[in-house]
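Subject: The structure you asked for

Hi there,

Here is the structure I promised to pass along. Have a look at it first, and then read on for what turned up.

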Amino acid sequence: MFENWSDWPGYIDPTFTPVSNRVIDYVMPRLSGAEWKVFVYILRRTLGSGQMSVDISLTEMCIGHRRGSARLDLGTGLTRPTVIQAVRGLTEKRLIGVMHAKNEDGGNASTRYHVVLQTSQRKET
C-alpha cells in the first residue's frame, strides 16, 4: 500500500473488482461523488473479494479496513454523515442492500451490505 502519491507504483494486475461497463456508462453519471465512492467501496469488499455480502462498519467505510495491525485499504475518505447519506441514497436507488443485525441488548451488532444483482435477463421480443 502507498501513503503518498509519489509512492504510487502504478496499476497492478491481476487483482480487480468487477465493474460492468453498464454501471460505468449509466449508473455512475446518476450518482453523487459520495454515492459513487461508497458503491465502489462496497463492490470491492463484496464482489471484489469473492463474496456476495460482507459486514462493513461505518468506520471502515470512512477510514479503511484493518486485519489486526495490517491496514488493508483506506476506505472512502468520506465523513460518517456523508457515508450515511450515500448509503441511504444507494439503498433508495436499489443499488445496494443493507441488513442490520442486533446484539442481545437490542443495539446494532453489525451491518451487512450486498450489491443488488440482476437475477434474470429480460427477453427481447
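**An exposed tryptophan to begin with**

Trp5 counts as exposed because its relative accessibility is 70%, and the cut-off for that word is over 50%. Please keep in mind that this is a predicted model. Trp5 sits in the segment before helix H1 (21-27). Together with Trp8, Tyr11 and Phe16, Trp5 forms a nonpolar patch on the surface, and the four have about 630 Å² of accessible area together.

**The chain as a whole**

The protein chain has 4 helices and 5 strands, and along the sequence they follow the pattern α-α-β-α-β-β-α-β-β. Of the 125 residues, 29% are buried. The accessible surface comes to about 9200 Å², with 53% of that belonging to carbon and sulfur atoms. If you take contacts between residues at least 6 apart in sequence, 46% of them join residues at least 24 apart.

**The nonpolar core**

Which residues have the most contacts inside the largest nonpolar core? They are Val38, Phe39, Ile42 and Met61, in a core of 23 residues. H1, H2, H3, H4 and strand E5 (108-115) each supply at least two residues of this core. H2 gives the largest share, with 7 residues.

Val38 is a handy place to start clicking. Leaving aside neighbours within four places in sequence, Val38 is in contact with Met61, Thr76, Leu78, Val83, Ala86, Val87 and Leu90.

Ala86, one of those partners of Val38, lies in helix H4 (residues 80-92). Ala86 counts as buried because its relative accessible area is 3%, where the cut-off is under 20%. Beyond its neighbours within four places in sequence, Ala86 is in contact with Ala34, Glu35 and Val38. The C-alpha atoms of Ala86 and Glu35 are separated by 4.6 Å, although the two residues are 51 apart along the chain.

Is Thr46 buried or exposed? Thr46 is buried, because its relative accessible area is 0%. Thr46 is found in the loop between helix H2 (33-45) and strand E1 (53-55). Not counting residues up to four places away in sequence, Thr46 touches Gln51, Met52, Ser53, Val54, Tyr113, His114 and Val115.

His65 is in another loop, the one between helix H3 (58-63) and strand E2 (66-67). With a relative accessible area of 14%, His65 also counts as buried. The side chain of His65 makes a polar contact with the side chain of Arg45, at 3.5 Å.

Arg94 belongs to the loop between H4 and strand E4 (96-102). Arg94 counts as exposed, because its relative accessibility is 66%. What is phi of Arg94 near? Phi of Arg94 is near 60°, a positive value in a residue other than glycine.

**Where to click**

For a quick tour, you could begin at the surface patch that includes Trp5 and Trp8. Then go to Val38 in the core, and on to Ala86 beside its contact Glu35.

Happy browsing, and do write back with any questions.

Best wishes

Conventions: Residues numbered from 1 in each chain as written. Predicted model: local features only at pLDDT ≥ 70, side-chain atom pairs only at ≥ 80, totals over all residues. Heavy atoms only, no water. Patch = residues over 30% accessible without salt bridge, like charges linked within 9 Å, V, L, I, M, F, W, Y side chains within 5 Å. Areas by Shrake-Rupley, 256 points an atom, 1.4 Å probe, with all protein chains shown as cover. Salt bridge = Lys/Arg side-chain N within 4 Å of Asp/Glu carboxyl O. Buried < 20%, exposed > 50% of the residue type's maximum accessible area, 1.4 Å probe, protein only. Contact = heavy atoms within 4.5 Å. Polar contact = N/O pair within 3.5 Å; in protein donor to acceptor, adjacent residues only side chain to side chain. Core = buried A, V, L, I, M, F, W, Y, C linked by side-chain atoms within 4.5 Å.
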